[in-house]
There are 2 protein chains.
Amino acid sequence: MTAKHRAIHDELLGRILSGTWAPGAAIPNEVDLAREFEVTRPTVARALGELVKEGLIERRRRAGSRVAERQSREAVLSIPLVRREIEDEGRVYAYRLIEREMLAKPGPLVRALIGPGAALRVKCLHTAEGAPWQFEDRLINLATVPAAERQDFRDRGPNEWLVDAIPFSRATQALSAEPASAEEARRLGIAEGAPVFVVTRRTWLGDDPVTQARLVHPGASYRLIARDRGPG
Amino acid sequence: MTAKHRAIHDELLGRILSGTWAPGAAIPNEVDLAREFEVTRPTVARALGELVKEGLIERRRRAGSRVAERQSREAVLSIPLVRREIEDEGRVYAYRLIEREMLAKPGPLVRALIGPGAALRVKCLHTAEGAPWQFEDRLINLATVPAAERQDFRDRGPNEWLVDAIPFSRATQALSAEPASAEEARRLGIAEGAPVFVVTRRTWLGDDPVTQARLVHPGASYRLIARDRGPG
DNA sequence: GAGTGGTCTAGACCACGGG
DNA sequence: CCGTGGTCTAGACCACTCG
């Protein structure tokens, strides 16, 4: 049994994608659609509401509904734990701590990234089948996450620990292609200046910075897949 | 007036993010929540349904609702038209066609990318404030999009034309960091082998390939921002 | 003012799946 | 079996905004 609101959603989606209803075109109002599909108004409203969330239509009171002019092309980026990313492909994951350093009085650079106050810096390497997969360089705000100080991160990466232990309310990710620094090249076993794929992630709990991570992959062996968002 | 279902959603979201309800913990059933918030059951169902879509909770009949164990970290990638991407920052956009070539009998490489049959290959450059911003190398399937043959793409990029004229039903994107090829380096005004940020996009209409595009940005001046998905 | 979307209620029926 | 989620209906009230 497929739900009526879903069937209606899919039918309308088809009319939009096929071009039957062009961008900018008006869509019948809820009452008419309800009559066409032989359901009540809240049911078509639900289907239309989903299309709004997917960015495919726009609605205004009195003015009615229209197919969105600029189809907002959006994609969803899955950001799994690095361990899962590797093990889900059936490969052997391993983790190695490189450095764990307390920064009691962080310099201006670190403070800009993660705020004043003590911070913990952790560098580590994640490997797949023994080959370097990701070099992680992370700052953790000890004011927000004091428990991090008791973690040695010898057997388990800060990534996994944070996900399990610390809630967060907001995150940003930035993706870039950069030349490998001397250290990154050494850790990843590639040439200095060779392309690396970098994910920079920052998270907050309320207004307090939690952590900032620079996740560096060898460009030659990494690509990130984004699946298109929307039509369920 | 903020909607009740939204207020309830936000309240429950707060309990999850704050850790009041830990991952894996059970959530009261709909009837109890309805009593707590003094609304009817469909209203809490709507709030819970949103949390499911956001990946924050999991629900099973009879078993009830739980906070999701592995918070699926996902981010939404906005993929605007290159023109908008530049003009939205208040910079001057310009476009230049480099090459337009009919491939009546495509070789095996092109066929693998976009299927058998005639194809159109278009190379062009997008600039911001006169500086190279994106080098685009695109294949268009003429069987699916015959109208493309009548376009000269002299004043307007294939990107924009396709968005306006051709619906599609499915798209994939892959992101990678690569060394610039000789041609890419020349077009972008960077050194051969320097890091470039590459977006590879393919779209389909039904089961028929529409287009495949390789969008190449100079790594030094480009980063892609992903905003976190979910709450809000 | 009137037409449209946005939401809520009260009640109902059903499907699923754990005990 | 039967508690839970999943959905739909019929009706209603309101808010917004265009003409």
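Predicted model: local features only at pLDDT ≥ 70, side-chain atom pairs only at ≥ 80, totals over all residues.
Trainee: Into which domains is chain A divided?

Mentor: Residues are numbered from 1 along each chain as its sequence is written, and chains are lettered from A and ligands numbered from 1 in the order in which they are written. Domain bounds come from an automatic or database domain assignment. For chain A, the division is into domain 1 (4–67) and domain 2 (76–228).

Trainee: How many Å separate the centres of domain 1 and domain 2 of chain A?

Mentor: The centres are taken over C-alpha atoms. Between domain 1 of chain A and domain 2 of chain A, the separation is 43 Å.

Trainee: What is the strand order of the open sheet in chain A?

Mentor: Strands here are DSSP runs (E, at least two residues), as helices are (H or I, at least four), and both are numbered from the N terminus. Two strands pair if DSSP finds at least two bridges between them. β1 (26–27) and β2 (57–60) of chain A each pair on one side only, as edge strands. The sheet has 3 strands with antiparallel pairing, and its order is β1-β3-β2.

Trainee: Which residue of β3(A) is the bridge partner of A:A26?

Mentor: β1(A) and β3(A), residues 64–67, run antiparallel and are joined by 2 bridges. In β3(A), the partner of A:A26 is A:R66.

Trainee: And in chain B, which residue of β3(B) stands opposite B:A26?

Mentor: Chain B also has an open sheet of 3 antiparallel strands, ordered β1-β3-β2. Its β1(B) and β3(B) are joined by 2 bridges. The residue opposite B:A26 is B:R66.

Trainee: What rotation superposes chain B on chain A?

Mentor: Copies are superposed by least squares on the C-alpha atoms of residues with pLDDT of at least 70 in both. The RMSD is 0.1 Å, with 0.0 Å of shift along the axis, for a rotation of 180°. The two copies are therefore related as by a two-fold rotation axis.

Trainee: What percentage of the contact residues of chain B recur in chain A?

Mentor: Contact means heavy atoms within 4.5 Å. The same surface serves both copies, and the share that recurs is 100%.

Trainee: Let's turn to the DNA. Which residues are the closest to DNA strand C?

Mentor: A residue counts as near a strand if one of its heavy atoms lies within 4 Å of it. There are 22 residues around DNA strand C. The closest are A:R41, A:R59, A:R61, B:K4 and B:T43.

Trainee: Which element gives the most residues to the surface near DNA strand C?

Mentor: At least two residues each come from α3 (41–53), β2 and β3 of chain A, and from α1 (4–17) and α3 (41–53) of chain B. With 4 residues, the element that gives the most is α3(B).

Trainee: How many residues of that surface near DNA strand C are charged?

Mentor: Ala, Val, Leu, Ile, Met, Phe, Trp, Tyr, Cys and Pro count as nonpolar, Asp, Glu, Lys and Arg as charged, and the others, Gly among them, as polar. The surface has 4 nonpolar and 6 polar residues, and the number of charged ones is 12.

Trainee: How many Å lie between the side chain of A:R41 and a base oxygen of DNA strand C?

Mentor: A polar contact is a pair of N or O atoms within 3.5 Å; within protein, one must be able to donate a hydrogen and the other to accept it, and residues adjacent in sequence count only if both atoms are side-chain atoms. A polar side-chain atom of A:R62 is 3.0 Å from a sugar or linking oxygen of DNA strand C, and a polar backbone atom of B:H5 is 3.2 Å from a phosphate oxygen. For an N or O atom in the side chain of A:R41, the distance to a base oxygen is 2.4 Å.

Trainee: On DNA strand D, which residue has a side-chain N or O atom 2.4 Å from a base oxygen?

Mentor: Phosphate oxygens of DNA strand D are 3.4 Å from a side-chain N or O atom of A:R60 and 3.5 Å from one of B:S65. The residue 2.4 Å from a base oxygen is B:R41.

Trainee: Which element gives the most to the surface near DNA strand D?

Mentor: DNA strand D has 22 residues around it, with A:K4 and A:T40 among the nearest. The element that gives the most, with 4 residues, is α3(A).

Conventions. Heavy atoms only, no water.
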